[in-house]
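This briefing concerns how the copies of a chain are arranged and how they touch one another. Please study the sequence and the model before reading on.

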Amino acid sequence: MAQDGIASKIKELSKLRMDMHGKDFLLTWEKSDADIRGTLLTAEILKGLYESNISCVLFKSGLAVSNFRDNSTRTRFSFASASNLLGLAVQDLDEGKSQIAHGETVRETANMISFLTKVIGIRDDMYIHEGNKYMREVGSALDEGFKKGVLAQRPNIVNLQCDIDHPTQSMADLCHLKQVFGGLDKLKGKKIAMTWAFSPSYGKPLSVPQGIIGLMSRFGMEVSLAYPEGYDLIPDTLKVSEKQSKQSGGSFTVTHSMEEAFKNADIVYPKSWAPMKVMEERTQLLRAGQRDALKDLEKRCLENNARFKNWECNERLMSKTKGGKALYMHCLPADITGVSCREGEVSAKVFEKYRIPTYQEAGFKPFIIASMIVLSRVKNPAKTLAALLKTRVPRYIE
Amino acid sequence: MAQDGIASKIKELSKLRMDMHGKDFLLTWEKSDADIRGTLLTAEILKGLYESNISCVLFKSGLAVSNFRDNSTRTRFSFASASNLLGLAVQDLDEGKSQIAHGETVRETANMISFLTKVIGIRDDMYIHEGNKYMREVGSALDEGFKKGVLAQRPNIVNLQCDIDHPTQSMADLCHLKQVFGGLDKLKGKKIAMTWAFSPSYGKPLSVPQGIIGLMSRFGMEVSLAYPEGYDLIPDTLKVSEKQSKQSGGSFTVTHSMEEAFKNADIVYPKSWAPMKVMEERTQLLRAGQRDALKDLEKRCLENNARFKNWECNERLMSKTKGGKALYMHCLPADITGVSCREGEVSAKVFEKYRIPTYQEAGFKPFIIASMIVLSRVKNPAKTLAALLKTRVPRYIE
Amino acid sequence: MAQDGIASKIKELSKLRMDMHGKDFLLTWEKSDADIRGTLLTAEILKGLYESNISCVLFKSGLAVSNFRDNSTRTRFSFASASNLLGLAVQDLDEGKSQIAHGETVRETANMISFLTKVIGIRDDMYIHEGNKYMREVGSALDEGFKKGVLAQRPNIVNLQCDIDHPTQSMADLCHLKQVFGGLDKLKGKKIAMTWAFSPSYGKPLSVPQGIIGLMSRFGMEVSLAYPEGYDLIPDTLKVSEKQSKQSGGSFTVTHSMEEAFKNADIVYPKSWAPMKVMEERTQLLRAGQRDALKDLEKRCLENNARFKNWECNERLMSKTKGGKALYMHCLPADITGVSCREGEVSAKVFEKYRIPTYQEAGFKPFIIASMIVLSRVKNPAKTLAALLKTRVPRYIE
């Protein structure tokens, strides 16, 4: 991005009435339109500064704590990259995956890890109806600690995926759409198909489809959610999406046909997930430590999944999309037929065609996370970013 | 803290005749009174600078190696925070918990991890009569490496808990006492009860009670150590405490009644530990890898513990303290009756009353560790800290 | 090193016609003589700056990713130290040791971890004929990602040990030789014995002996490779060494007698490894997950090793070397008879005599790695290093 481009984006940012300073980023639909636009803009500005070899270091010291209660590679690296870009050092809080800490432990630990901490990134997507709640429990412990003088500052929480939303993913996806279509306003009237797809594994979180419909329904798009009967998401996320669609002049529809969703779509996002009911049963069994019952549940679910092997994003289905040229999206890694599994979410041919674009999609995530950190910590972000652009401290010496 | 406060503390520091440059911090009772006072002051100065948004970065690069031979959350984060505050990057040395490395391996590894290292933080509290020895073994390997030109600098060691002492804990506790009572000199004549307390777990280290009596006996306090018969600490630590009490004009007494210790106490520190004899047996069995014998030992100890369930810090006992208002302290996490266990060290009501103060107590630890690093590395700390205060580089941009 | 010394080395560096910018460091024999000399010089310059308390920070932010597919302590710390010296933050990519990722996964992961990454250090030495190939697979994925706009920069790869070479080790060893003998040109005509030695363990990689003959054969030395019949290395590495020996005016010979190799040697490097055929069988069994067959293979190999217990570097053998005073080298940790094992690669007496020199040998590794990073990232290294020397930003405040 030319530096004029950066400057004009900073100007645009300065006009937004955001309310993000000192706030956690837990669900996109709790954020105002200005907040969403500002987060995108700030991510683009940081990416522009980065690519112009201008340092984005705002912190001389400070910790960024990551708390991954489920595996992660790309989000882990995105969080580490974002923190490092701003000058924060990452410190992992490793609790052991099996433990669901609550009550006293959360309250205490939240404070113990925060004495010199600026941001806490949390992934907690294994236990349905629990992950987002956990983040809020951490948040209120931090509120108390700050209020009562335990903490010199109140670190902000970034949701790195919970049971409800995956905002760093959906916002990176939105960055990608903004770039591909040439602006948020160009998304109006476009059709996006968020569809279930077959996968040989089971128990995938619901946060991506919920996050996508919960965010994309805000821009006047035709949001089509498709899944086999029984593969329901958390009902509240559909209600939010429906409401937002109406407000933004778009539409929100649910169908049980992948083909219907793909028909005339500008964008398709085929991705597997487990039915909410299954996740509820699984959460209960995980908590009770019932291994045999868990194995049995897995077996039943895989058998049920197998009835929907035709939910694969392939050339035949892609040909139904607008001009046969819809943009394919995925949060990665995808289950690719004949590549990473025998039968999966997407055919090898379709995936290969869109492979590089999916990498580019993922490339926005570090900057989206950095943006969320900046906006939660910095009082006047436009001014601070303008100062970085003006001072032009080189990020590295070549 | 106002910046005048920081400046006056720096002035106070400049008058102390400390001898900490280039020295390890292994046992508080090896340090002079000036060293102890200087460590507290430096911690307070760093905390003041931090809270005034003044950067404390003294190192452009350099490693802080952490070697945790037992689990840790709060000390791990405190060490990471302290290192980061000063500009050092943490690198974990992960040996695997089961291995007791000695001899050639220690000598070699100590050098191999130290080529660009400024400080090594070690926790080794599992094996009685071994942990502190191990630190000294590392220390003399570093001495040799530095003397013979292997190392460009000799990293300093900070004891993050051993079998004998837990100086970063006891010094943070002392910081807390200094703040609560308004000065070290105000501690004279105060009664502190360091008492055993019931816990449903077994094998807790002895380092906290030993560290507390070994430090608090230096300030003219009435130190009352209480534990059920048989729950002996390492005898040498009692001798040190007795000697120091005499020198400082205080007293040191041992009792086997929790109530007697609490009587008229200004401060109570009820905390479980395992008898030294048990730790010796356990160390031997751990080394021999005798799992069945270990299980049997655990069973016997828990049965013995169970005879002392009445050693719980509750409202009845607290009412015996001075005005019923003694300061409750704990290194955390505490075993809280009805909260984290069925029956524990402290009743929920007492703990809740002092919960926030115990968090504040813990909040001194990062600064105590940073202080120990600064004093071991910097030749003229008062001058260096004054320069930080004068230059006022912002720690972060808001 | 005096600062005049640093300046003259920078001048020397400026005259070399290197071709390392933007290049990976995978095998020493793919690098030109100027590249090798430049890498040594840059390591020495960085060491000189470090010891003169001059900051070597070239990066305000940026990640250094480490990917250890086998255990490591000293290389891990060397990589961390090097990265930190230059201002990069280390982020581990932890795949789980058992997984051999290929194809789609490598291509995708390589890009996902690289959005803000400057360097990727990889150790992959478990699977023969695989490790180096894996690094090239990562490299070409990065090429594609950079070319297609996924990555703003193409991180460089540093080989931290593969199935073929261990360039950070052999180059650190060469630094040591340069210092001990007073210059690379002084190595001409010197005899180095790279010999197999007995070890009570099995399956040690071939990369060190292959790396040593593949590098030392370039300086006109008499390179004598010795091993018991059957303990063959990868044939190509012998061909390279032979060719280079001829070109440099030295010699390259293979013998099956340790004594013959030691005869008149100026330098000895006795170190155990597994026969290539065994590593091939082992790789196959590891991939197939055949535990019983692996145990059986181990048993057979240890039995075969046991036939060569007399391949121990002891005083009798050392007395055969030039003046009985050959320089003993080892990559550490060595299997020391009576110290770390009952019977091993080297007698306790010989090792103890050279213990400190082997530590010094290891001490070059952080600077060799830092040098490889600098030369791959910086366009005009002599100019950049001269600027560091001139600006003299203190690395730390004392």
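Chain A is superposed on chain C by a rotation of 120° with 0.0 Å of shift along its axis, at an RMSD of 0.0 Å; the superposition is by least squares on the C-alpha atoms of residues with pLDDT of at least 70 in both copies. That is the relation of a three-fold axis. The model is predicted: local features need pLDDT of at least 70, side-chain atom pairs count only at pLDDT 80 or more, and totals for chains, interfaces and linings use all residues. Residues are numbered from 1 along each chain as its sequence is written, while chains are lettered from A and ligands numbered from 1 in the order in which they are written.

**Symmetry**

- In chain A, the residue that comes closest to the rotation axis is A:Ala89, at 4.6 Å (C-alpha).

**Contact between chains C and B**

- Contacts link 29 residues of chain C with 25 residues of chain B (C-beta atoms, placed from the backbone, within 7 Å).
- On the side of chain C that touches chain B, α3(C) gives the most, with 6 residues.
- Only 3% of the interface residues of chain C are also interface residues in chain B, so the copies meet through different surfaces.

**Contact surface of chain A**

- Only 3% of the interface residues of chain A are also interface residues in chain C, so these copies too meet through different surfaces.

Note on methods:
Two residues are in contact if their C-beta atoms, placed from the backbone, lie within 7 Å. Helices (H or I, at least four residues) and strands (E, at least two) are DSSP runs, numbered from the N terminus.
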